[in-house]
Amino acid sequence: MNTNTENLKPIFKGLSWCHEEYYSFFIPTDWQRVERTDRKQGVIYVPTHHDAQTFYAVHVDELSTKVTLEDVPDIETGLLNGIHENNLSQIETYTHSSIGNLVQLEAKYTFVEGDERRKRWVRVLYHETRQITFIAQGKTEEIYHYWLPMFNEAMMTMKVHSTKPSTPG
């Protein structure tokens with residue numbers, strides 16, 4: 001990747017369908033699935049093994065209770081406080097929405113980790129008794145923007161399910 005070329009975009013080679021028990025999405029065919037080291041239920045995909053800080057990840061947390069619209073202020077506060085734990089974080093956009101019993105929080109923000117400013121897009125969905133978190137992150141803001149077309153594909157095709165789907169849609 002030549003990061004000095006302003007209009008450089010990743011080469012689109014096709015999509016693979018990742019479908020797990022509680023979620024699904026399309027991911028570029030040439031991205032590699034890596035094992036989670038945090039023992040959380042979910043997946044991580046990286047565009048290159050040379051950069052573990054640029055990834056698309058999903059993790060599922062069982063809450064043992066259903067989240068309702070009345071819970072939104074509390075979970076919103078939790079998400080925003082979590083982002084602001086890094087004093088150098090800057091939230092670019094934040095929204096929340098609901099459709100029926102599905103509650104979603106979404107934020108795009110930058111933060112400093114070590115010596116680098118990273119950029120992250122997070123969508124947190126509350127479905128039934130689960131919190132399903134989708135994260136697209138670039139090692140740097142520049143790398144995030146380079147991979148943004150691929151991140152968009154995964155984020156805009158993600159779905160949550162009660163059981164593992166057998167076909168896309």
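I count a charge as sitting over a ring if NZ of Lys or CZ of Arg is within 6 Å of the ring centre and within 35 degrees of the ring normal. With that rule I found Arg130 over the face of Tyr22, at 3.7 Å from the ring centre. Lys108 likewise lies over the face of Trp121, at 4.1 Å from the ring centre.

**Ground rules.** This is a predicted model, so to speak of local features I need pLDDT of at least 70, and side-chain atom pairs count only at pLDDT 80 or more, while totals for chains, interfaces and linings use all residues. Residues are numbered from 1 along each chain as its sequence is written, and side-chain values use heavy atoms, with hydrogens and water left out.

**Sheet.** I took helices (H or I, at least four residues) and strands (E, at least two) as DSSP runs, numbered from the N terminus. Two strands pair if DSSP finds at least two bridges between them. On that basis I get an open sheet of 7 strands, antiparallel in its pairing, in the order β3-β4-β5-β9-β8-β7-β6. β3 (32-34) and β6 (90-99) stand at the edges with a single partner strand each, so one side of each has no neighbour in the sheet. The twist averages 20° from one strand to the next; axes here are lines fitted to C-alpha atoms, for helices over the stretch in contact, and angles run from 0 to 180 degrees between N-to-C directions.

I then looked at β7 (residues 102-113) and β8 (residues 116-127): they run antiparallel, joined by 11 bridges. Leu105 has Val124 in β8 as its bridge partner.

**Helices.** Contact for me means heavy atoms within 4.5 Å. Helix α2 (residues 141-157) packs on the sheet, touching β5 (55-62), β6, β7, β8 and β9 (130-138), and its direction makes about 15° with that of β8. Helix α1 (residues 72-84) lies across β6, β7 and β8, at about 160° to β6.

**Cores.** A nonpolar core is a set of buried Ala, Val, Leu, Ile, Met, Phe, Trp, Tyr and Cys residues joined through side-chain atoms within 4.5 Å. Buried means under 20% relative accessible area, exposed over 50%, partly exposed in between (1.4 Å probe, protein chains only).

Which residues have the most contacts inside the largest core? They are Tyr23, Phe25, Trp31, Tyr56, Val58, Ile132 and Phe134, in a core of 26 residues. Its largest share, 8 residues, comes from α2. I checked Trp31 too: beyond four places in sequence, Trp31 touches Tyr45, Val46, Pro47, Tyr56, Trp147, Met150 and Phe151. There is a second, separate core of 18 residues, with Ile44, Val67, Leu79 and Val124 among them.

**Aromatics.** Rings of Phe, Tyr and Trp (its six-membered ring) pair if their centres lie within 6.5 Å; planes under 30 degrees apart count as stacked, over 60 as edge-to-face and the rest as tilted. I found 9 aromatic pairs. Tyr23 and Phe134 are edge-to-face, 6.2 Å centre to centre with 90° between the planes. Tyr23 is in strand β2 and Phe134 in strand β9, so this pair ties together parts 111 residues apart in sequence. Tyr23 is buried at 2% relative accessible area, and Phe134 is buried at 0%.

**His59.** Beyond four places in sequence, the contacts of His59 include Arg36, Gln41, Gln131 and Thr133.
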